[in-house]
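Hello,

Here is the structure I promised to pass on to you. Please open it alongside this message, and I will walk you through what turned up.

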Amino acid sequence: MTDDKEINAYDYWKVLVKRKKIIVFLFLISITFTLIIGFFQTGGYIGEVVLHIMPGCTTAKQMECTTVKQVPGCTIAKPLECTTAKQVKDIMHNLNKDRLKIILPKAYSSVYHIKLTYLQNEQDKLKVFILAKSQDVISVALSELVEYIANLSQIRDTLEQNKDNYLRRTNDISFMLGKSELMMKYYNGILQKDNKNNVVIAINPVELYAYVTKLKNEKFELEFTLKQLKGVGFFTTLNILKNHIEVKIIYIAGFISVFIGVLLAFLLESIEKNKSNS
């Protein structure tokens, strides 16, 4: 460039080379300081696990009532209401030390921090991170946390309501199966007598057999779901790792220190030029 006052790329490079000691010094100080802070603040262990909130609830079918020829004893059941992982997280949003004393009566003194997150595409999955002094403490803290969540009124009341709903439907099916079996015995008895009295049979045996099979399958599904229904389950096993400072934090600290060093280098160069010109 023709203008001597205008700084080109080579001039920038000369400034950086000239002030390289400042840049390197700030970089080393920043990395060392980050490692020291990380050493004292990241001790202990991190436990990670995914909890299943009300397992069996979100996958259960809505219960319906179907009758053939007005078979009595059928009650329309209400659909299940499921407490979501997001609702649990919102309830337990403020996990400070005082709150942890209530949730973790045995382990709170050795637990540094607990973090809860819910999976965006899985409304019944709650991810838990526990930072504690030892692996044993994490196991105890997790057990206490699961027990506390399972006893939340939102989960406990909903669970009892759903169980009662399923039990009533199971009893209805048992009643209808009994009635259907009587009808089948009556139908078979007529066939054995060759129906000499020309008794009119008002049921379709094929439909009746299909209906009974459907009821038995539904009852089996209901009984299976009842066994699965609970407040909190484990979707993954507990994974415990030694807590270390994250590498990305070191990268960020190094980048910021270099950036500040470059700015300081140009600032000192500018101050030096102004002094020489004056």
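**The main core**

The largest nonpolar core has 31 residues, and those that touch the most other members are Ile 53, Met 92, Val 111, Ile 114, Ile 130 and Ile 149. Several elements each supply at least two residues of this core: strands S1 (45-53), S2 (111-118) and S3 (125-132), together with helices H3 (85-91), H4 (97-103), H5 (135-150) and H6 (153-192). The most comes from H5, which gives seven residues. Please keep in mind that this is a predicted model.

Leaving aside residues up to four places away in sequence, Ile 149 touches Leu 51, Ile 53, Val 88, Met 92, Leu 126, Ile 155 and Val 232. There is also a second, separate core, made of eleven residues, with Ile 173, Met 176, Met 184 and Leu 208 among them.

**The chain as a whole**

Now a step back for the overview. The protein chain has eight helices and five strands. Read from the N terminus, the order of the elements is α-α-β-α-α-β-β-α-α-α-β-β-α. The protein chain has 278 residues, and 33% of them count as buried. Take the contacts between residues at least 6 apart in sequence: 80% of them join residues at least 24 apart. The accessible surface of the protein chain is about 18,300 Å², and carbon and sulfur atoms account for 58% of that.

**A buried glycine**

You will find Gly 231 in the loop between helix H7 (205-228) and strand S4 (232-234). Is Gly 231 buried or exposed? Its relative accessible area is 7%, so Gly 231 counts as buried, the cut-off being under 20%. Not counting residues up to four places away in sequence, Gly 231 touches His 52, Ile 53, Met 54, Pro 55, Ile 155 and Leu 159. Gly 231 and Ala 150 are 81 residues apart in sequence, yet their C-alpha atoms are 4.7 Å apart in space.

The next stop involves both helix H1 (residues 9-18) and helix H8 (residues 247-277). The count of salt bridges comes to eleven. In one of them, the side chain of Glu 272 meets that of Lys 18, at 2.8 Å from N to O. This pair links distant parts of the chain, with Glu 272 in helix H8 and Lys 18 in helix H1, 254 residues apart. Both partners count as partly exposed, Glu 272 at 36% relative accessibility and Lys 18 at 45%.

Glu 272 also meets Arg 19 in a salt bridge, again through the side chains, at 2.8 Å from N to O. Arg 19 sits in the loop between H1 and helix H2 (20-41), 253 residues from Glu 272. Arg 19 is buried, with a relative accessible area of 13%. Lys 18, Arg 19, Glu 269 and Glu 272 are linked in a network of salt bridges.

There is one aromatic pair in the count. Tyr 12 and Phe 266 form this pair, edge-to-face, with 5.4 Å centre to centre and 80° between the planes. Tyr 12 lies in helix H1 and Phe 266 in helix H8, so the pair ties together parts that are 254 residues apart in sequence. Tyr 12 is partly exposed at 42% relative accessibility, and Phe 266 is partly exposed at 27%.

Another salt bridge joins Glu 48 and Lys 127, whose closest N and O atoms are 3.2 Å apart. Glu 48 is in strand S1 and Lys 127 in strand S3, 79 residues apart. Glu 48 is partly exposed, with a relative accessible area of 29%, and Lys 127 is partly exposed as well, at 22%.

In soluble globular proteins, nonpolar side chains tend to be buried together.

Note on methods. Residues numbered from 1 in each chain as written. Predicted model: local features only at pLDDT ≥ 70, side-chain atom pairs only at ≥ 80, totals over all residues. Heavy atoms only, no water. Core = buried A, V, L, I, M, F, W, Y, C linked by side-chain atoms within 4.5 Å. Buried < 20%, exposed > 50% of the residue type's maximum accessible area, 1.4 Å probe, protein only. Helix = DSSP H or I, 4+ residues; strand = E, 2+ residues; numbered from the N terminus. Contact = heavy atoms within 4.5 Å. Salt bridge = Lys/Arg side-chain N within 4 Å of Asp/Glu carboxyl O. Areas by Shrake-Rupley, 256 points an atom, 1.4 Å probe, with all protein chains shown as cover. Phe/Tyr/Trp six-rings, centres within 6.5 Å; stacked < 30°, edge-to-face > 60°.
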